[in-house]
Amino acid sequence: MTSTVPTAVQHTDAQPPITMFGPDFPYAYDDFLAHPAGIGQIPATEHGTEVAVIGGGLSGVIAAYELMKMGLKPVVYEADRIGGRLRTVGFEGCDPSLTAEMGAMRFPPSSTALQHYIDLVGLETRPFPNPLSPATPSTVVDLKGESHYARTIDDLPQVYREVMDAWNACLEEGADFSGMNRAMRERDVPRIREIWAKLVEKLDDQTFYGFLCGSDAFKSFRHREIFGQVGFGTGGWDTDFPNSILEILRVVYTEADDHHRGIVGGSQQLPLRLWDREPEKTVHWPAGTSLASLHEGGQPRTAVTRLDRTAGNRITVTDATGDIRTYRAAVFTGQSWLLLSKIACDDQLFPIDHWTAMERTHYMESSKLFVPVDRPFWLDKDEVTGRDTMSMTLTDRMTRGTYLLDDGPDRPAVICLSYTWCDDSLKWLPLSPSERMEVMLKSLGEIYPGVDIRRHIIGNPVTVSWENEPWFMGAFKANLPGHYRYQRRLFTHFMQDRLPADRRGLFLAGDDISWTAGWAEGAVQTALNAVWGVMNHFGGATDATNPGPGDVFDDIAPVELPED
């Protein structure tokens, strides 16, 4: 396990793997994509019809790619750069092989629909150096001024194992972890739905912290504090304590926070390669067609500034150049707050309940700071202790999480000096990259007083605060207690036969529309939902042997809580 505080059940090779199959909507997107019949077709009379795709992140590019394969003509609008929060940047004046992942940098194997596209474009992955993972030479946990060096959890003081045991007990007693784990491995849809329906009804109004406090296993404040600061999987989760416990259960059930892998060369390669890829099989378009070839100059159109619903139930898109185009269908994949602020929107685009759901969306802040260094000096051994000079570090100091990234002992390397969330991220918002670096080096200097990190730095730092990015305004959605109904409205929006006839044709996608915001798998799944919706909108259908998410929706629909 990669976790400092592991989840309850460790699987064996004899068990089926965990995938992001539910729990809210247990549909096999991976099987849907792998099926030889393909994911659907539209009538020949609709071939070549333009469809607007707003947002060139992973969800938008996948939606556009699959619509193109069906014979439609996606017109992609992107305000910044292809990739969205799959943003890989370099360091000015440094070896171009040195990169920093400003957004998504680690992906769980349970993201099997995502893996379909990673394999499709020929990208490689490798284990990501999370705390105490096999890919991490060593980990230092530094709390309240006291540091502990560890290669495995057994090297940490007993209190950490007590916290691990408390979390396992809390999950088992309060969320039937073993039962759900088994049902998800076996893809036992009735059992998944039975367990989850009870938990949604019971826990929708409960915070993560309240869930911990309600367990006898976490009576000790000290144990809750350590758990918040060190957490499980990728580090401390105290910044998630105010969020709905349902958000956390989705993560642990699907092992989304475990066994992570990174994409060799950077995650942004995935949408970029899909943009340029010429599918082997397409309808209507000639061989050699790609998303790039369907766009002037090989680039997406610019930012959308206005959306209107116009005569004939069309969607009219105005972009930053003043160009106005009208479409019979459009897919919106940006963060939903953009529809409330950056983009002037016609109220008629969505039913009022969907507008309310967007307004209630809660986003998490997140910041990162990276520096390039001359070599992975942290692997040098301390002459006195024999330990690594520096380690992957979890701390309650200002850095919170520090990751060490290298491609070998004789090559330059990268340090993620700090990875923070929520209030910890807001502390950095007014600071420049160099000012942030100084604070981070001071904090790390208190943990590693004999290590001169600065002398190894070979370039300027790069940083991001997603809450300050004008086309994002946060890293990703995280539902608060009571938000389940809002999330259900957004996720099910692709089922437009449930909507008034004059509110159809504009489809929502993106990870904040999914049940697993913050994970690329959610971006993929909602893109595929939107593709099904557009296909259905144009009178198309899936093959009978490979029903799509909308075809089986009524059988596996998310729990519907009463609103009275």
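Trainee: Which residues touch the most other members in the largest nonpolar core?

Mentor: Keep in mind that this is a predicted model. The largest nonpolar core has 135 residues, and those that touch the most other members are Trp 167, Trp 196, Phe 208, Leu 249, Tyr 253, Leu 270 and Val 534.

Trainee: OK, α3 then. How does it pack against α15?

Mentor: The angle between α3 and α15 (residues 520–537) is about 85 degrees, and their axes are 8 Å apart. That makes α3 roughly perpendicular to α15.

Trainee: Which residues meet there?

Mentor: From α3 you have Thr 112, Ala 113, Leu 114 and Tyr 117, and they meet Ala 520, Glu 521, Val 524 and Leu 528 of α15.

Trainee: Switching to sheets. What's the strand order in the one with β2, and is the pairing parallel or antiparallel?

Mentor: That's an open sheet of four strands, ordered β2-β1-β12-β21, with parallel pairing. β2 and β21 (506–508) are the edge strands, each pairing on one side only. On average, neighbouring strands here are turned by 20 degrees against each other, direction ignored.

Trainee: How many bridges join β1 to β12?

Mentor: Three bridges join β1 (residues 50–54) to β12 (residues 330–332). Val 53 stands opposite Val 331 in β12.

Trainee: And where does α2 lie?

Mentor: α2 lies across β1 and β2, and runs at about 165 degrees to β1.

Trainee: What about the sheet with β9 and β10, what's its order?

Mentor: Also four strands in an open sheet, in the order β11-β10-β9-β13, but the pairing is mixed. β11 (324–327) and β13 (344–345) each have a single partner strand, so one side of each is left without a neighbour in the sheet. β9 (residues 304–310) and β10 (residues 314–319) pair in the antiparallel sense over six bridges.

Trainee: Last one: β6. Which of its residues are buried on each side?

Mentor: Thr 139, Val 141 and Leu 143 are buried on one side, and Val 140 and Asp 142 on the other. So both faces of β6 are covered, five of its five residues being buried, where buried means under 20% relative accessible area.

Trainee: Which strands does β6 join?

Mentor: Five bridges join β6 to β7 (residues 146–150), running antiparallel, and four join β6 to β16 (residues 392–395), running parallel. In the hairpin of β6 and β7, there are two residues between the strands, and Lys 144 takes a positive phi near 50 degrees.

Note on methods. Residues are numbered from 1 along each chain as its sequence is written. This is a predicted model: local features need pLDDT of at least 70, side-chain atom pairs count only at pLDDT 80 or more; totals for chains, interfaces and linings use all residues. Side-chain values use heavy atoms; hydrogens and water are left out. Two strands pair if DSSP finds at least two bridges between them. Axes are lines fitted to C-alpha atoms, for helices over the stretch in contact, and angles run from 0 to 180 degrees between N-to-C directions. Contact means heavy atoms within 4.5 Å. A nonpolar core is a set of buried Ala, Val, Leu, Ile, Met, Phe, Trp, Tyr and Cys residues joined through side-chain atoms within 4.5 Å. Buried means under 20% relative accessible area, exposed over 50%, partly exposed in between (1.4 Å probe, protein chains only). Angles under 35 degrees count as roughly parallel, over 145 as roughly antiparallel, 65 to 115 as roughly perpendicular and the rest as oblique.
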